[in-house]
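I opened the model to go through its packing, its sheet and its chain contacts. My notes follow in the order in which I looked things up.

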Amino acid sequence: MSRYSPPDFACRLFQTVLPVPFRGALLGDLIEEYNLRAEATSPSAATRWFWGQACRSIPFIMGSSLRNGDWLISVSTAVGVYAVMGTLKLAADFMIAKLFAPEPTAFVVLAPIVFLAFTSIGGCAAARIRFGTAVFLALFVMITVAVQIIAKTCTIPVPWWYEFGFLTLGPLTVLLTPVAFGALKPNSNES
Amino acid sequence: MKQGELLGSLEHIILLALVRLDGCAHGMIVRREIEERTGRNISIGAVYATLERLEAKGYVSSSTGDPTPERGGRAKRLFRVEAAGKRALQISEQTLHSMTADSKGRWETI
């Protein structure tokens with residue numbers, strides 16, 4: 001067993017993003033090379049190398065998944081998760097508006113909390129099915145927020161950064177929450 | 001290999017690397033071989049994505065090795081060049097050779 005260990009977040013990110021056929025072997029290769037580099041150079045240089053490899057590899061792996069037709073299953077499941085998430089979010093917004101926040105100011109404060117809670121849960125649920133689903137879900141969330149901003153559906157006057165926050169943090173929460181909490185598809189360590 | 005279909009540049013290099021490594025190796029060894037011989041620092045993801053493509057075409061096959069502690073308990077995936085892969089290499093080499101024959105001097109003078 002090596003006394004060095006690669007960056008945990010990079011491993012989780014990689015493990016979440018990689019489709020099952022790639023996962024075990026590719027991550028094992030990276031860890032093996034990381035240990036060799038940490039011995040030969042320094043752990044910090046090996047960590048930089050590991051992050052570089054992880055970031056440069058993701059587009060190729062995603063491209064390979066798309067070519068294999070995995071995207072169709074991912075889009076279908078993302079539509080399902082989005083529909084469930086959207087319905088629950090609408091119900092939650094309605095409840096807040098009716099029960100807790102008759103004042104617009106309170107709604108402006110509570111709306112982002114509810115939004116981020118739902119994007120986190122939706123992201124974890126999607127990644128639990130497959131990571132491609134979370135990627136498409138993030139895209140759907142971004143499009144929905146962008147449409148709402150353009151259509152000016154918010155009747156309460158809010159600063160630009162408030163809406164921009166929804167546009168950026170929403171998709172990021174969908175993608176990063178499952179990575180941070182390790183909410184992966186079961187049997188994720190299979191090679 | 002279909003008529004007129006050629007190997008992509010990375011496919012060609014990876015197949016050549018596998019042949020150099022006695023026809024069987026795992027992804028990181030292939031990546032290292034290419035880096036050492038060509039100086040190209042390609043990502044491991046690019047190597048695996050290309051190997052998957054080559055496997056789908058029947059040019060390579062893969063098998064799973066035993067998990068080892070230095071790999072975080074993960075198994076190696078060993079790739080082997082198949083006869084179709086060797087044939088594809090031959091065709092690509094012949095095509096390149098026939099295209100470069102008698103024309104080398106032309107680009108060297110540019």
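Predicted model: local features only at pLDDT ≥ 70, side-chain atom pairs only at ≥ 80, totals over all residues.

**Entry 1: helix pair in chain A.** I looked up how helix 6 (residues 131-150) of chain A packs with helix 7 (residues 160-181) of chain A: the angle is about 170° and the axes are 9 Å apart. Angles over 145 degrees count as roughly antiparallel, and helix 6 and helix 7 of chain A are therefore roughly antiparallel to each other. I then listed the residues that make the contact. From helix 6 of chain A they are A:Ala134, A:Leu137, A:Ala138, A:Val141, A:Met142, A:Val145, A:Ala146 and A:Ile149. Helix 7 of chain A contributes A:Glu163, A:Phe166, A:Leu167, A:Gly170, A:Pro171, A:Val174, A:Leu175 and A:Pro178. Sorted by class, this contact has 14 nonpolar residues, one polar and one charged.

**Entry 2: sheet in chain B.** I found an open sheet of three strands in chain B, with the order 1-3-2 and antiparallel pairing. Strand 1 (24-26) and strand 2 (60-68) of chain B each have a single partner strand, so they stand at the edges and one side of each lacks a neighbour in the sheet.

**Entry 3: strand pairs.** I checked strand 1 of chain B against strand 3 (residues 74-81) of chain B and found antiparallel pairing over three bridges. Here B:Cys24 has B:Arg80 of strand 3 as its bridge partner. Strand 2 and strand 3 of chain B also run antiparallel, joined by seven bridges. B:Thr68 stands opposite B:Arg74 in strand 3 of chain B. The hairpin of strand 2 and strand 3 of chain B has five residues between the strands, and I noted a positive phi near 65° for B:Gly72.

**Entry 4: helix on the sheet.** I followed helix 3 (residues 44-56) of chain B, which lies across strand 2 and strand 3 of chain B. Helix 3 of chain B runs at about 130° to strand 2 of chain B.

**Entry 5: chain B against chain A.** Which element of chain B gives the largest share of the side that touches chain A? I first counted 19 residues of chain B in contact with 23 residues of chain A. Helix 2 (27-38), helix 3 and strand 3 of chain B each give two or more residues to that side. The largest share, six residues, comes from helix 3 of chain B. By class, I recorded seven nonpolar, six polar and six charged residues on the side of chain B that touches chain A.

Terms used: Residues numbered from 1 in each chain as written. Chains lettered and ligands numbered in written order. Axes fitted to C-alpha atoms, helices over the stretch in contact; angles between N-to-C directions. Helix = DSSP H or I, 4+ residues; strand = E, 2+ residues; numbered from the N terminus. Parallel < 35°, antiparallel > 145°, perpendicular 65-115°, else oblique. Contact = placed C-beta atoms within 7 Å. Nonpolar A, V, L, I, M, F, W, Y, C, P; charged D, E, K, R; others polar. Pairing = 2+ DSSP bridges.
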